[in-house]
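Here is a short walk through one protein. Start at a single residue, then step back to the whole.

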Amino acid sequence: MRHCPGIYFADEPSGRTAKIGGTGLSVWEVVRDFSRGQDSGRIRKAFPQLSRAQVTAALMYYTRYRDEVQARIDANAAMTPEAIERRYPGLVRFTR
């Protein structure tokens with residue numbers, strides 16, 4: 001936390017997660033779109049409730065721990081309805 005002021009850690013079912021201070025948002029949730037286009041403006045549009053300092057803290061953490069954050073982003077992207085159905089049969093109901 002000394003290296004990235006404004007970031008704290010929470011224990012969640014998925015493990016220890018970097019969070020943005022003053023929010024319940026994980027760093028990976030906020031930088032997910034930024035990592036695609038390197039556009040911090042997208043973060044401000046997607047999360048207008050975040051201050052400039054909070055966005056800066058998230059990006060600073062992402063810069064230092066890119067592999068960790070990217071692994072969280074990738075794990076979330078892999079959770080498609082089909083993947084959940086394979087892992088937990090009957091949990092997902094497909095509707096048309």
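Setting aside neighbours within four places in sequence, Thr 23 is in contact (heavy atoms within 4.5 Å) with Tyr 8, Leu 50 and Gln 54. The model is predicted: local features need pLDDT of at least 70, side-chain atom pairs count only at pLDDT 80 or more, and totals for chains, interfaces and linings use all residues. Residues are numbered from 1 along each chain as its sequence is written, and side-chain values use heavy atoms, leaving out hydrogens and water.

Where does Thr 23 lie? It sits in the loop between β2 (15-20) and α1 (27-31). Helices (H or I, at least four residues) and strands (E, at least two) are DSSP runs, numbered from the N terminus. Thr 23 is buried, at 17% relative accessible area. Buried means under 20%, exposed over 50%, and partly exposed in between, with a 1.4 Å probe and protein chains only. A polar atom of the Thr 23 side chain lies 3.0 Å from the backbone nitrogen of Leu 25.

Gln 54, a contact of Thr 23, belongs to the buried set of α4. Val 55, Ala 57, Ala 58, Leu 59, Tyr 61 and Tyr 62 are buried there too. An α-helix has 3.6 residues a turn, so residues three or four places apart point the same way. Helix α4 covers residues 52-64.

Now step back. The protein has six helices and two strands. Along the sequence the pattern is β-β-α-α-α-α-α-α. Of its 96 residues, 32% count as buried.

Note on methods
Expected span 1.5 Å × (residues − 1). Polar contact = N/O pair within 3.5 Å; in protein donor to acceptor, adjacent residues only side chain to side chain.
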